[in-house]
Amino acid sequence: MVDFSDYSELIDKYLAGGMSENERKGFEQELSVSPELQKMVNDTKLIKKAIIAVERERILTEVQKVAKEFNNGTNVERGIAVSKTRKMLIRNLSIAASIVILVSVGIVSLIKNNTSSYITEYTPYVGYEKLSARGDTRSEDDPVEVLNNAWELYNSKKYKRSLKRIESVTDPGYFEADFLFLKGLCLIEGQKYKDAIEALSVAANSRFRYTGDAQWYLGLTYLEIGEKEKAQTVLVKIRNPNEDVKKVLEEIK
């Protein structure tokens, strides 16, 4: 049995999206065949979420403590001048404002360092199977050739060029859903989530070979913009959901 005890740093790097393409593929290959490593990755995710919850609680406690000081009326009861009390209150308010700013920056930093979005947390789509050109057509403008080329660019992380190639076709015909699916993925990479949703919605409601994948990424994109109910509506439609789909659905209940 493989010893994964020294994998903690590697797991952190993976979850933070800091691996190179080759590193990620190698790690995911190990992950796909090792239930023990899968458990370590899932446990690490839970630990990071717990850290964030604890930090949030600490921040709330600090803010509540300062708030109590604001509401403390003992200064007047002790005979301290109203003007002086007002000055002290203003000073405390300034301190409180500083605390809120600092802890807010801290929690944002903590979240960025310890969690990733649904989009980046789950394995990117890499399952494209090249289409065969129809008949004797070999034109570079043929939709099949454009689609194959656009996927090659996407898988090479040349997302803007892939998107440009897709949008060069005005009439994709039978392959409209394929084009919109890939367009949605390119827009996700550009963080244009609302435009991605528009493209993926059409693909997710079309019958083509990647309908389930389109529904999956549409659901993740809804989650990226905080639309949990819409994400759930889409994800429950996926036929034969895998473990990732089940896990996300469980998390957003």
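## Trp216 and the nonpolar cores

In this predicted model, Trp216 is in contact (heavy atoms within 4.5 Å) with Tyr122, Leu235, Ile238, Asp244, Val245 and Val248, leaving aside neighbours within four places in sequence. Trp216 is also, with Trp151 and Phe181, one of the residues that touch the most other members of the largest nonpolar core, a set of 49 residues. A nonpolar core is here a set of buried Ala, Val, Leu, Ile, Met, Phe, Trp, Tyr and Cys residues joined through side-chain atoms within 4.5 Å. Buried denotes under 20% relative accessible area, exposed over 50%, and partly exposed the range in between, with a 1.4 Å probe and protein chains only.

At least two residues of this core come from each of H6, H7, H8, H9, helix H10 (193-204), helix H11 (211-224), helix H12 (228-235) and helix H13 (243-251). Helices are DSSP runs (H or I, at least four residues) numbered from the N terminus. H9 supplies the largest share of the core, 9 residues. A second, separate core of 9 residues has Leu15, Leu31, Leu37 and Val41 among its members.

## Basis of the values

The model is predicted, and local features need pLDDT of at least 70, side-chain atom pairs count only at pLDDT 80 or more, and totals for chains, interfaces and linings use all residues. Residues are numbered from 1 along each chain as its sequence is written, and side-chain values use heavy atoms, with hydrogens and water left out.

## Helix H9

Of the 14 residues of H9, 11 are buried, so that the helix is mostly covered. Among them are Phe179, Leu180, Phe181, Leu182 and Gly184. The buried residues of H9 pack against H6, H7, H8, H10 and H11.

The end C-alpha atoms of H9 are 20 Å apart, which agrees with the 20 Å that its 14 residues should span at 1.5 Å a residue; the expected span is 1.5 Å times one less than the number of residues. Gln191, which follows H9, has a positive phi, near 60 degrees.

## Phe208 between H10 and H11

Phe208 is found in the loop between H10 and H11. With a relative accessible area of 16%, Phe208 is buried. Not counting residues up to four places away in sequence, Phe208 touches Ala177, Asp178, Phe181, Ala203 and Ala214. The C-alpha atoms of Phe208 and Ala177 are 6.8 Å apart in space, although the two residues are 31 residues apart in sequence.

## Salt bridges

Side chains of opposite charge can pair when their charged atoms come close. The structure holds 8 salt bridges, each defined as a side-chain nitrogen of Lys or Arg within 4 Å of a carboxyl oxygen of Asp or Glu. One of them joins Lys39 and Asp43 at 2.8 Å, N to O. Both residues lie in helix H3 (residues 35-71), 4 residues apart, about one turn of the helix. Lys39 is exposed at 51% relative accessible area, whereas Asp43 is partly exposed at 31%.

Glu152 and Lys130 also form a salt bridge, at 3.9 Å, N to O. This pair links distant parts of the chain, 22 residues apart: Glu152 is in helix H7 (residues 143-155), and Lys130 is in the loop between helix H6 (118-121) and H7. A further salt bridge, between Lys183 and Glu167, has an N to O distance of 3.9 Å. Because Lys183 lies in helix H9 (residues 176-189) and Glu167 in helix H8 (residues 159-167), the pair ties together parts that are 16 residues apart in sequence. Lys183 is partly exposed at 25% relative accessibility, and Glu167 is partly exposed at 48%.
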